[in-house]
Amino acid sequence: MNQKNGKNTLGIDSCFEELGNPIDLFKKWFSEAEKREINDPNAVAVATSDKNNQPNVRMVLLKGISQKGFVFYTNFKSKKGKELKANSKASLCFHWKSLRRQVRVLGDVEEVTTSEADEYYNSRPYKNKIGAWASSQSDDLANRETFLNKIREFEQKYPEKNSVPRPPHWSGWRILPKEVEFWLDGEGRIHERLVYINEKGNWKKKLLFP
Ligand SMILES: Cc1cc2nc3c(=O)[nH]c(=O)nc-3n(C[C@H](O)[C@H](O)[C@H](O)COP(=O)(O)O)c2cc1C
């Protein structure tokens, strides 16, 4: 525990004083997670809900972060894809076990631009690109062989390793954050929480009881 200004703090107080927007703080924490997590520091749970307000949560990988928001890529015909088209509200939750930290994000999604999606898709390995064509993500699958046959089919269709086009239904969502909350583990459950709330384009921040 640090001693800062005569107060016991695990770190959020200093962030609270120094960083005016949550993306800068997120980047700071994320770079620590990249050094410490044994794998997938960019793994994040994304919650959506369907037209009956049934929440649904699953892991994805964060593939972009900027002042605009948090980007992940997926099949737009998947369950999450359909849900986000019907209801653009989403929530993210990162948990970095090695750091004992959590970050939660609330906001609406927008689709990334075509050029952003192309750029990321083209950076992926050949197998991943073929998989994006072969997987009717979240549809029923009769047996594994059906999927493996589809992979072989698309490998034959696109044998050129560097010329696999991006499927039109495969793209990215960007969550435009309205609220970002940082949680830091404390001894004896004396945790620290800091939330940033976007009010008309300006970030306001406050501490919360743990
Ligand atoms: C660590 C991890 C990372 C994942 N990353 C992604 C991803 O970036 N995009 C994606 O579509 N699915 C990803 N998945 C699979 C999803 O969790 C999920 O099974 C799939 O997208 C179908 O979800 P849906 O039926 O809710 O649309 C990942 C799973 C794990 C465990």
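A polar contact is a pair of N or O atoms within 3.5 Å; within protein, one must be able to donate a hydrogen and the other to accept it, and residues adjacent in sequence count only if both atoms are side-chain atoms. This is a predicted model, in which local features need pLDDT of at least 70 and side-chain atom pairs count only at pLDDT 80 or more, while totals for chains, interfaces and linings use all residues. Residues are numbered from 1 along each chain as its sequence is written, and side-chain values use heavy atoms, with hydrogens and water left out.

View A. Look here at S138, where a polar side-chain atom sits 2.5 Å from a ligand oxygen atom. The backbone takes part as well: an N or O atom of M59 is 2.6 Å from an oxygen atom of the ligand, and one of K79 is 3.2 Å from a ligand oxygen. On its own the ligand exposes 620 Å², of which the protein buries 64% (Shrake-Rupley method, 1.4 Å probe).

**View B. The shell around the ligand.** Residues with a heavy atom within 4 Å of the ligand count as near; among them are D40, R58, Y73 and Q137. Strand β4 supplies the largest share, four residues. Two or more residues each come from β4 (55–65), β5 (70–75) and α3 (79–86), as assigned by DSSP (helices, H or I, at least four residues; strands, E, at least two; numbered from the N terminus).

**View C. Helix α6 and L148.** Here you can find L148 in α6, residues 144–157. L148 counts as partly exposed because its relative accessibility is 29%, between the limits for buried (under 20%) and exposed (over 50%).

Conventions: Buried < 20%, exposed > 50% of the residue type's maximum accessible area, 1.4 Å probe, protein only.
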